[in-house]
Amino acid sequence: RVDAQRNLEHVLRAAREGVALFDLSSFAKLRLEGPTALHAAQRVFTADLDRPPGAVVYTSMLNSSGGVELDATVTRLCEDAFLVVTSAAAQNKALHWLRRHTGPDTVVTDVTSALGVLSVSGPRSRDLLSGLTDADLSDAAFPFLRAREIDVGWATVLALRVSFTGELGWELYAPAESLPVLYDQLLAAGAPLGLRLAGYHALDGLRAEKGFVHWGSDVGPADRPDEAGLEATVARDKLGGFIGSAALLSAGPPRRRLVPILLDDPEPVLYHGESVLQ
């Protein structure tokens with residue numbers, strides 16, 4: 001246990017101060033496409049997704065009562081196609097929710113097994129990737145919440161400038177068959193930079209430090225966005241509204257608020273659902 005705790009501390013430090021590599025391939029990945037894809041996305045998601053191709057938006061899906069059914073990042077791939085990424089546990093739910101609330105001219109395809117995802121995160125993530133690509137990764141050329149197709153090593157990837165750790169980072173979406181060689185090349189390029197392999201416990205700890213919400217642990221269908229710190233994901237003035245918008249407009253002040261709690265003792269590992277006694 002002591003060795004595991006020490007290793008976790010090293011990984012967390014690498015993500016905060018150096019660079020860490022996460023395998024996020026289990027995240028659910030769905031394509032939403034067709035001539036009515038934008039209309040369907042605008043109806044299902046709370047954010048305004050009428051953005052230029054390459055835009056990455058963090059948003060939510062609500063039920064008719066205004067509760068958060070799921071959260072997701074949505075990338076506009078082209079005029080009539082979007083990539084929706086949400087948690088692995090919500091894969092089937094997201095697939096059926098989208099199919100249930102979109103029309104026949106919008107196709108929803110589960111591409112989870114077809115795409116692997118490697119996330120490079122930390123202040124030195126740009127240094128690592130710059131050794132494997134000719135793409136300009138500067139803030140001016142590749143700003144936060146943007147997606148571009150670039151070559152990294154021997155793989156062509158869809159690179160998203162996002163990070164669930166809250167640090168500088170990119171998520172690299174690659175065909176599953178390209179993942180092993182991409183993984184090896186990232187390891188080799190990262191070795192001189194002190195690259196550390198990181199898992200989901202580290203990811204959960206890092207996102208909690210930044211106050212990022214984890215659907216299923218922090219928020220669920222009974223919670224409204226304004227109660228869970230997700231108000232910024234809601235475009236209340238979106239033309240035509242969205243599922244749950246009427247309930248939000250008629251709702252009163254928040255009934256409760258999601259707040260972080262810092263423990264005096266860092267040793268206990270908390271997952272979710274623990275009781276808090278005053």
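A salt bridge here is a side-chain nitrogen of Lys or Arg within 4 Å of a carboxyl oxygen of Asp or Glu. By this rule the count comes to 17 salt bridges. Before you click on any, note that this is a predicted model, where local features need pLDDT of at least 70 and side-chain atom pairs count only at pLDDT 80 or more, while totals for chains, interfaces and linings use all residues. Residues are numbered from 1 along each chain as its sequence is written, and side-chain values use heavy atoms, with hydrogens and water left out.

**Stop 1: some charged pairs**

Side chains of opposite charge can pair when their charged atoms come close. Select Asp127 and Arg124: their side chains meet in a salt bridge, 3.3 Å from N to O. Asp127 is partly exposed because its relative accessible area is 43%, and Arg124 is partly exposed at 34%.

Next, pick Glu167 and Lys210, whose side chains form a salt bridge at 3.0 Å, N to O. This pair links distant parts of the chain, 43 residues apart: Glu167 sits in the loop between β9 and β10 (169-175), and Lys210 in the loop between α6 and α7. Those element names come from DSSP runs numbered from the N terminus, with helices being H or I of at least four residues and strands E of at least two. Lys210 counts as partly exposed, since its relative accessibility is 35%.

**Stop 2: a charged network**

Now select Asp223, Arg224, Asp226, Glu227, Arg255 and Arg256 together; they are linked in a network of salt bridges. Zoom in on Asp223, in the loop between α6 (200-209) and α7. Is Asp223 buried or exposed? With a relative accessible area of 18%, Asp223 is buried.

**Stop 3: a cavity**

Rolling a probe the size of a water molecule over the atoms shows where empty space is left. The search runs on a 1 Å grid over the protein atoms alone: a cavity is a set of points where a 1.4 Å probe fits but cannot get out, a pocket is an open set with protein on both sides within 12 Å along at least five of seven lines, and lining residues have an atom within 4 Å of a point. Grid points are joined across faces, edges and corners, and a volume is the space filled by probe spheres set on the points.

How many cavities of 30 Å³ or more does a search of the whole structure find? It finds one. The largest cavity holds about 30 Å³ of space, and its lining is Arg236, Phe242, Ser245, Leu248 and Leu249. Arg236 counts as partly exposed at 37% relative accessibility, and Glu231 is partly exposed at 31%.

**Stop 4: a pocket**

For the second largest pocket, with about 180 Å³ of space, select Arg31, Leu77, Leu83, Val111, Leu115, Glu149, Thr156, Val157, Leu158 and Tyr173. Strand β9 (residues 155-160) gives the largest share of this lining, three residues. By class, the lining divides into seven nonpolar, one polar and two charged residues. Here Ala, Val, Leu, Ile, Met, Phe, Trp, Tyr, Cys and Pro count as nonpolar, Asp, Glu, Lys and Arg as charged, and the others, Gly among them, as polar.

**Stop 5: backbone and strand**

Most residues other than glycine have a negative phi. Go to Leu145, in the loop between α4 (125-130) and β8 (147-152): it has a positive phi of about 60 degrees although it is not a glycine. Leu145 is partly exposed, with a relative accessible area of 31%.

Then jump to Phe82 in strand β5 (residues 81-86). Phe82 is buried, as its relative accessible area is 1%.

**Last stop: the tail segment**

Finish with Leu270 in the segment after α7. Leu270 is partly exposed at 46% relative accessible area. Gly205 is 65 residues from Leu270 in sequence and 9.5 Å away in space, C-alpha to C-alpha.

Methods. Buried < 20%, exposed > 50% of the residue type's maximum accessible area, 1.4 Å probe, protein only.
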